[in-house]
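The stops below follow one another as a series of selections.

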Amino acid sequence: MILPIVAYGDPVLKRMADEIDEDYDGLKELIDNMFETMYNAQGVGLAAPQIGKSIRLFIVDGSPFAEQEEGQEPDPKAVGMEDFKQVFINPIIEEEEGESWGFHEGCLSIPKIREEVQRKSKVRITYYDRDWNFKDETYEGYAARIIQHEYDHVEGILFTDKISPLKRKLLNKKLSNITKGIVDVDYKMKFPNKKGR
Ligand code: ZN
């Protein structure tokens with residue numbers, strides 16, 4: 001089932017999400033619905049707060065990053081992305097290290113806006129997977145980037161919190177329009193300030 005994606009401005013996106021138990025009601029179904037919702041919106045990651053649930057859960061599928069134009073040099077940041085499909089439950093980023101690099105990030109909750117965000121290149125994360133196996137893993141490249149972005153969602157942080165105040169000021173009008181539903185988007189969304197609901 002495709003779920004509506006919560007738009008910028010909804011308080012759930014600013015909340016620190018709660019851990020869940022293994023017997024969380026309907027967890028498998030929720031994960032399946034999140035994948036369906038993410039694929040429908042052509043995203044590479046989706047966090048539970050984005051579908052209105054303030055719990056520490058996010059999913060990723062970075063395989064679009066593995067696609068390469070013919071004759072192009074392989075991108076070292078895309079190594080392993082074809083299999084980077086994962087569920088992260090109760091994640092904790094244990095360490096972030098390496099040189100910071102910039103990438104134009106987007107977010108399904110903030111459609112039609114992309115801004116360069118600086119993040120460290122390497123991340124070590126502990127979490128439970130879909131079958132509740134404990135994992136302790138290190139990621140680099142685009143995989144680390146997606147994890148850092150989605151992890152921020154369960155911490156109540158958006159990429160727009162990470163750009164300069166001046167850049168954010170320039171986006172103010174667009175962001176306020178998104179909260180009102182004044183944005184052209186081809187997937188189902190829930191807008192906090194939409195009139196006439
Ligand atoms: Zn996002």
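Select R119 and E105 to begin: both are buried, a label for under 20% relative accessible area, with exposed meaning over 50% and partly exposed in between (1.4 Å probe, protein chains only). Their side chains form a salt bridge with an N to O distance of 2.7 Å; the term requires a side-chain nitrogen of Lys or Arg within 4 Å of a carboxyl oxygen of Asp or Glu. The pair links distant parts of the chain, with R119 in strand β5 and E105 in strand β4, 14 residues apart. Helices (H or I, at least four residues) and strands (E, at least two) are DSSP runs, numbered from the N terminus.

This is a predicted model, in which local features need pLDDT of at least 70 and side-chain atom pairs count only at pLDDT 80 or more, while totals for chains, interfaces and linings use all residues. Residues are numbered from 1 along each chain as its sequence is written, and side-chain values use heavy atoms, with hydrogens and water left out.

Now extend the selection to R145 and K162: salt bridges with shared partners join E105, R119, R145, D152 and K162 into one network.

Next, pick R124 and E95. Their salt bridge spans 3.1 Å, N to O. R124 sits in strand β5 (residues 115–128) and E95 in strand β4, 29 residues apart. R124 is partly exposed at 26% relative accessibility, and E95 is partly exposed at 39%. Over the whole structure, a search finds 14 salt bridges.

Move to the zinc ion. Which atoms coordinate the zinc ion? They are SG of C107, NE2 of H149 and NE2 of H153, at 2.1 to 2.3 Å. Donors are N, O and S atoms within 2.8 Å of the metal (3.2 Å for Na, K and Ca); water is not among the atoms, so sites may look incomplete. Along the chain, the donors of the zinc ion have the spacing C-x41-H-x3-H. H149 and H153 both belong to helix α2 (residues 141–154) and are four residues apart, about one turn of the helix. H149 is buried at 8% relative accessibility, and H153 is buried at 1%.

Two backbone stops follow. Most residues other than glycine have a negative phi. Select N90, in strand β4 (residues 85–105): this residue is not a glycine, yet its phi is positive, about 50°. N90 is buried, with a relative accessible area of 8%. Then select Q42, in the loop between α1 and β2 (45–47). Its phi is near 55°, again positive in a residue other than glycine, and Q42 is exposed at 72% relative accessibility.

Finish at the surface. Select D18, E19, D21, E22, D23 and D25, which gather in a patch of negative charge. Patches are made of residues with over 30% relative accessible area and no salt bridge, like charges being joined within 9 Å and nonpolar side chains (Val, Leu, Ile, Met, Phe, Trp, Tyr) within 5 Å. D21 is exposed, with a relative accessible area of 54%.

How values were computed. Accessible areas come from the Shrake-Rupley method with a 1.4 Å probe; for residues, only the protein chains shown count as cover. Lys and Arg count as positive and Asp and Glu as negative; His and the chain ends are not counted. The place of a charge is taken as NZ of Lys, CZ of Arg, CG of Asp or CD of Glu.
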